[in-house]
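Please read them with the structure open.

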Amino acid sequence: MPLEFLRQWRRTLWRQYVFGLRRYIPRGARRSIGWLYGSYVFCRISPIATRMLGPRYRRSRDRIDLDITWDCNLKCFHCNRSCQQAPTGEMMTVGQVRQFLEETRKREVCWKKIQLIGGEPTLHPDFEEMLHMMLEFRRRHSPGTEIMVTSNGFGVRVNQVLSRIPADVTVHNTQKSTRNQEDFIPFNLAPCDSPEYAHADFRNACCVTRDAGIGLTPYGYYPCVGSGAIDRIFGFDSGRKTLPGLEDGMEEDLTRFCSLCGFFRLNYTSEVCSGSLMSETWQRAYASWHERKPVLTRYPEL
Ligand code: SF4
Ligand code: SF4
């Protein structure tokens, strides 16, 4: 128990550093911290360490993010849903949310947290209906589930919708006001484009799949919701159409998507997201997306 408590504290402190504090730390110190951390992780993600110790992060079994829309009114640089790099109006339907809740009920999954996110979720034309469905589901079947909405808090329309959200919903308002987000992680720097990750075991993933949980998008389930947004650009069409079982670590999906995702990179903690940070694989993928958008099969509706 004390050990678990210490682990939680370590995670919280590290998250505070990665997602906020590091931008106030002088560049030199930031680089040293990034180098030290990177050296440790570099050894930890090697195939041999992964075989001996198992993957560094495992996907959550009790947390899920739903990307209900990839539309957004802000279009930040380096958006990890590609809202700026490849804008789209693709979204989940009410029928898909109903199907998710029905699957959850039938499979008797007890979610600790269900998060509505995107894109900007409050811009979904059926956002309030979806939220109501979640609350009704919680009332009837899962009283311990936290329902959360993450919003950029930007603009009149978004704030009007936010003001109507019931008090028993957790609202994470990131209060963005500009497209420049210095504390973002350079999402479009694909590790597979760097020789230093040539031997990495990508099943090691990052803390997102453990802490935020798996993801559901219009195209199915993914080991994290960001990987669903990667799939909409690359078109692997690997979204699962049924909820993965508890025994399924989704390691094949992690291997595919983490090799493309800047969140996997070891030294991201030393970088601040400014300017154009996009590696070759992403440049090619966006060019191809703008030429012809991949067609993915949709998660079923009820
Ligand atoms: S507010 Fe969020 S979803 Fe919208 S563009 Fe910025 S990072 Fe992407
Ligand atoms: S795809 Fe990216 S965000 Fe998702 S688990 Fe892998 S490294 Fe983390």
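1. Which residues does Cys 258 touch, not counting residues up to four places away in sequence? The partners are Phe 202, Ala 205 and Phe 264. Bear in mind that this is a predicted model.

2. Cys 258 also belongs to the largest nonpolar core, a set of 60 residues. It is listed there among the residues with the most contacts inside the core, along with Leu 66, Leu 116, Met 130, Cys 261 and Phe 263. Helix H5, residues 127–141, gives the most to this core, with five residues. In soluble globular proteins, nonpolar side chains tend to be buried together.

3. Ligand 2 brings Cys 258 up again. Its shell has 14 residues, and the nearest are Cys 206, Val 208, Cys 224, Cys 258 and Cys 261. Helices H7 (207–211), H8 (225–234) and H9 (251–258) each supply at least two shell residues. H9 gives the most, with three. By class, the shell holds 11 nonpolar, three polar and no charged residues.

4. Ligand 1 has 13 residues around it. Cys 72, Cys 76, Cys 79, Cys 83 and Asn 152 are the closest. This shell splits into five nonpolar, four polar and four charged residues.

5. Now the overall fold. The protein has 10 helices and six strands. Its C-alpha trace spans about 50 × 45 × 35 Å along the principal axes. The radius of gyration is 19 Å, which agrees with the value near 19 Å for a compact globule of 302 residues.

6. Buried residues make up 37% of the 302. Among contacts with a separation of 6 or more, 75% join residues 24 or more positions apart.

Methods. Residues are numbered from 1 along each chain as its sequence is written. Chains are lettered from A and ligands numbered from 1 in the order in which they are written. This is a predicted model: local features need pLDDT of at least 70, side-chain atom pairs count only at pLDDT 80 or more; totals for chains, interfaces and linings use all residues. A residue is near a molecule or strand if its C-beta atom, placed from the backbone, lies within 6 Å of it. Ala, Val, Leu, Ile, Met, Phe, Trp, Tyr, Cys and Pro count as nonpolar, Asp, Glu, Lys and Arg as charged, and the others, Gly among them, as polar. Helices (H or I, at least four residues) and strands (E, at least two) are DSSP runs, numbered from the N terminus. A nonpolar core is a set of buried Ala, Val, Leu, Ile, Met, Phe, Trp, Tyr and Cys residues joined through C-beta atoms within 7 Å. A residue is buried if 20 or more other C-beta atoms lie within 10 Å of its own, exposed if 12 or fewer, and partly exposed in between; C-beta atoms are placed from the backbone. Two residues are in contact if their C-beta atoms, placed from the backbone, lie within 7 Å. The radius of gyration is taken over C-alpha atoms; the globule rule is 2.2 Å times the number of residues to the power 0.38.
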